[in-house]
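Please look over the model below before reading my notes.

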Amino acid sequence: MIDKINALKAEIESLQASSSEEVEALRIKYLSKKGAVSLLMNDFRSVPADQKRAVGIAINELKALATEKINALKEATESSDNDAEGIDLTRSAAPLPMGTRHPLSLVREEINSIFRRLGFNIAEGPEIEDDWHVFSSLNFAADHPARDMQDTFFISRNPDVLLRTHTSSVQTRVMEHSKPPIRIICPGRVFRNEAISARAHCFFHQVEALYVDKNVSFADLKQTLLYFAREMFGPETKIRLRPSYFPFTEPSAEMDISCNLCGGKGCSFCKHTGWVEILGCGMVDPNVLDACGIDSKVYSGFALGMGVERITNLKYRVNDLRLFSENDRRFLREFSATR
């Protein structure tokens, strides 16, 4: 009996396994109810009385050895499996530098976030539009200069299909299919037939806002503009409104902010006026509301629009609009700390 135990002990000491499945098979073979160690207990009954103590101790030692050996194999194979699972075979051999968000994306998201806090929802529309949504529904006269080829990209010489010149087309689409109250912002890319230079481009980005409800007043517009300016440029920012003209708003205004570079004292950036223009705004013209199916005798509203590039220029002092679309990595790396 002792010889049988010693032979089994030597066999257990030499056990090897390369996977958790093999370890489980060894456990069943040696330690299960019908395993080799358990079967020794059946033979223990026939051992002479004077040998039972020595044989019993040997069997217990064998069982402890088998348990210890199989646990060690289990731990080793599990560690090996985890290491294999933790290897990303798609990873580049060399570390790749972290990318950065585009400055226009950073500013657009900040603008969106400010208006979302005021309860505005984001609305989007197509970049290829028709004359009705871009011009006619917005109270543009039939002979308005913006309709000419000098300002608008028309598609296939079709005067009714064009690239949108402003995101106001999204506002008209929402007003056609929604009932007041309407409170939306419309971020997006727009196109105008202009010569590309440091101060102008044939495509750029806008964010426009629209609020239509009962009893909306110019005071609501002014307070919204003041909140936006101070959230975007700092709590000390001041605003002023100057009379202007837009076909789709009446009355209309241009909004200036106190120069955030000189604090309104006057510098070369603000042309020594202390003020910088950032957006246009006004009360929605009743003709626009009626054209979109909203009763102008019951509802009123305000609209405002700004160029994202313009706001980015003021925030980050970028003087050349072409930098935004040239994908120069040196320029983009400057915004790595603001992503």
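1. Which residues touch the most other members of the largest nonpolar core? They are Ile111, Phe115, Phe228, Ile257, Ile278, Leu304 and Met306, out of 44 residues. A nonpolar core is a set of buried Ala, Val, Leu, Ile, Met, Phe, Trp, Tyr and Cys residues joined through side-chain atoms within 4.5 Å; buried means under 20% relative accessible area with a 1.4 Å probe, protein chains only. Helix 8 (218–233) supplies at least two residues of this core; its share, seven residues, is the largest.

2. This is a predicted model: local features need pLDDT of at least 70, side-chain atom pairs count only at pLDDT 80 or more, and totals for chains, interfaces and linings use all residues. Numbering starts from 1 along each chain as its sequence is written, and side-chain values use heavy atoms, without hydrogens or water.

3. Phe115 touches Phe120, Ile185, Ala209, Thr224, Phe228, Leu304 and Met306, leaving aside residues up to four places away in sequence. Contact means heavy atoms within 4.5 Å.

4. Helix 2 (residues 20–31) buries Val23, Leu26 and Tyr30. Seen down the helix axis, these buried residues fall within an arc of 60°, so they line one face. The arc is taken from directions between the axis and the C-beta atoms. Helices are DSSP runs of H or I, at least four residues; strands are runs of E, at least two.

5. An open sheet of three strands runs in the order 2-4-3, with antiparallel pairing. Pairing needs at least two DSSP bridges between two strands. Strand 2 and strand 4 (residues 158–163) have three bridges. Glu129 stands opposite Leu162 in strand 4.

Definitions and conventions. Buried means under 20% relative accessible area, exposed over 50%, partly exposed in between (1.4 Å probe, protein chains only).
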